[in-house]
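Have a look at the sequence and the model before reading on.

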Amino acid sequence: SVAQEKPRETVVILVTDDDILIQGAAVASVADVMAQKGLVIETLKAALVSQTNRMLDREVAADIAGREVTIMGDKEIPYRLLKKVMATCTDADYGRISLAVMQRGAETTA
């Protein structure tokens, strides 16, 4: 098969039970983020700005509306945490936010 469009470049944020990771590197602990007062997570914002400079091509870097980030996590993420992550993405000039839900593996019962 032949693809007509180039794949979109996107930054991936993974929210686990304990940490927030960007491109696989931990940038904040969930406990610290939940305890903070404001909406913007400064360490996540700094990592997003760094990713903009490092991985996104120049056309997308100049076009705020074209910058895309994908937030991955399971359905148990508290809304308050998700809101902070999304507000941080917007504050770091990412105009497109996608959400991806990970399914947990089948839990075994004893």
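Accessible areas here come from the Shrake-Rupley method with a 1.4 Å probe, and for residues only the protein chains shown count as cover. On that basis, the protein has an accessible surface of about 7,400 Å², with 52% of it belonging to carbon and sulfur atoms.

A quick word on where this comes from. This is a predicted model, in which local features need pLDDT of at least 70 and side-chain atom pairs count only at pLDDT 80 or more, while totals for chains, interfaces and linings use all residues. Residues are numbered from 1 along each chain as its sequence is written, and side-chain values use heavy atoms, with hydrogens and water left out.

Now for the fold. Helices (H or I, at least four residues) and strands (E, at least two) are DSSP runs, numbered from the N terminus. There are four helices and five strands in the protein, and starting at the N terminus their order is β-β-β-α-α-α-β-α-β. Take contact to mean heavy atoms within 4.5 Å. Of the contacts between residues at least 6 apart in sequence, 69% join residues at least 24 apart.

What about the inside? A residue is called buried under 20% relative accessible area, exposed over 50%, and partly exposed in between (1.4 Å probe, protein chains only). Of the 110 residues, 29% are buried. In soluble globular proteins, nonpolar side chains tend to be buried together. A nonpolar core is a set of buried Ala, Val, Leu, Ile, Met, Phe, Trp, Tyr and Cys residues joined through side-chain atoms within 4.5 Å. The largest one here has 21 residues, and those touching the most other members are I13, I20, L44, L48, L81, V85 and C89. Two or more residues each come from β1 (11-15), β2 (19-22), α1 (30-35), α2 (42-54), β4 (68-73) and α4 (79-91); α4 gives the most, with four.

Finally, the charged pairs. A salt bridge is a side-chain nitrogen of Lys or Arg within 4 Å of a carboxyl oxygen of Asp or Glu, and the structure holds two. In one, D91 meets K45 at 2.7 Å, N to O; D91 sits in helix α4 and K45 in helix α2, 46 residues apart. D91 is partly exposed at 36% relative accessibility, and K45 is partly exposed too, at 23%.

The other salt bridge pairs R96 with E68, their closest N and O atoms being 4.0 Å apart. R96 lies in strand β5 (residues 96-101) and E68 in strand β4, so this pair ties together parts 28 residues apart in sequence. R96 is partly exposed at 39%, whereas E68 is buried at 5%.
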